Amino acid sequence: MRGRSRGKVWEREMFPGVLLIRGIDVCTEFRRHTHRSILVGVVWKGRRRIAGEGEELDVRPGEGFILPAMFLHRCVSQGLHNYRIAGIHTDFWAAAVGRIPSRARRLEPGSAPLLAARRLIACLRGAPDAASFGEKLSRLAESLDEPAATAAAAMPMPENVRAVRAYLDEHFTRLVRLNELASLAACTPATINRLFRQSIGLPPYEYLMQNRLRAAARHLRDGAYSLADIAAETGFADQSHLQRMFKRAFGTTPKVYRNRG
């Protein structure tokens, strides 16, 4: 399934642990993926359908959403829509709040969580500071009526899967074969592929590709390297491979993404 792309999407790191993502007139179907950060978003125009892990959120204009870290999902635009999303690393969230969201949820109109989410995202305009953002994040967390979940308990997984994930995080810029991961996990290639998919929601290769795409996006935001250099630095076969995979994942080309950053 190929993504249909229209509109513009850009990301900007506001300070360590917090990313602002903004979409303007987006009409894109994003394939299934995960985010390392917790997402707090508000849709200003149009509708956004988020489907994954047995939950489906239909977010309408003026409504919002929260997605926990590593929540496997896909996004479908219901016509052109605008949105702003704060991507908050779990370490930042846990340090500021002490608990992290355990489930995906839609923030309904007039609700305390939606008002708190709007204020949180508005805080990122201009020249935000981490302390002020942390205070507003605490208020958002207080408005959520869900059980506490610690960062350590949010994503339990077998030790061999944890080791493979750490290995992919460290070595994503080079070719990693399934046999290599199986040896690390002390099991067969088919078994580690199955266990990894069960725990993470994606097979090892897709997880590896997401690591490459995240690294490419960081380099694009920095603006210091050419596309060819970024492709070589992040493990893609060539610039064309990077452009193809980036557009499929982000719904826009690397060049447009960098110019909007």
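Reply: The protein has a mean pLDDT (the predictor's confidence in each residue, from 0 to 100) of 86, with 92% of its residues at 70 or more. This is a predicted model, in which local features need pLDDT of at least 70 and side-chain atom pairs count only at pLDDT 80 or more, while totals for chains, interfaces and linings use all residues. Residues are numbered from 1 along each chain as its sequence is written, and side-chain values use heavy atoms, with hydrogens and water left out.

Over residues 1-5 pLDDT stays under 50, and the model has 14 contacts (heavy atoms within 4.5 Å) beyond four places in sequence for them. Residues 148-154 are also below 50, with eight contacts beyond near neighbours in sequence.

Rings of Phe, Tyr and Trp (its six-membered ring) pair if their centres lie within 6.5 Å; planes under 30 degrees apart are stacked, over 60 edge-to-face, and the rest tilted. That rule gives five aromatic pairs. One of them, Phe 15 with Phe 133, is edge-to-face, at 5.6 Å centre to centre and 70° between the planes. Because Phe 15 belongs to strand S1 (residues 8-15) and Phe 133 to helix H3 (residues 130-143), the pair ties together parts 118 residues apart in sequence; helices (H or I, at least four residues) and strands (E, at least two) are DSSP runs, numbered from the N terminus.

Phe 15 is buried at 10% relative accessible area, and Phe 133 is buried at 0%; buried means under 20%, exposed over 50%, and partly exposed in between (1.4 Å probe, protein chains only). Ring pairs link Phe 15, Phe 92 and Phe 133 into a cluster.
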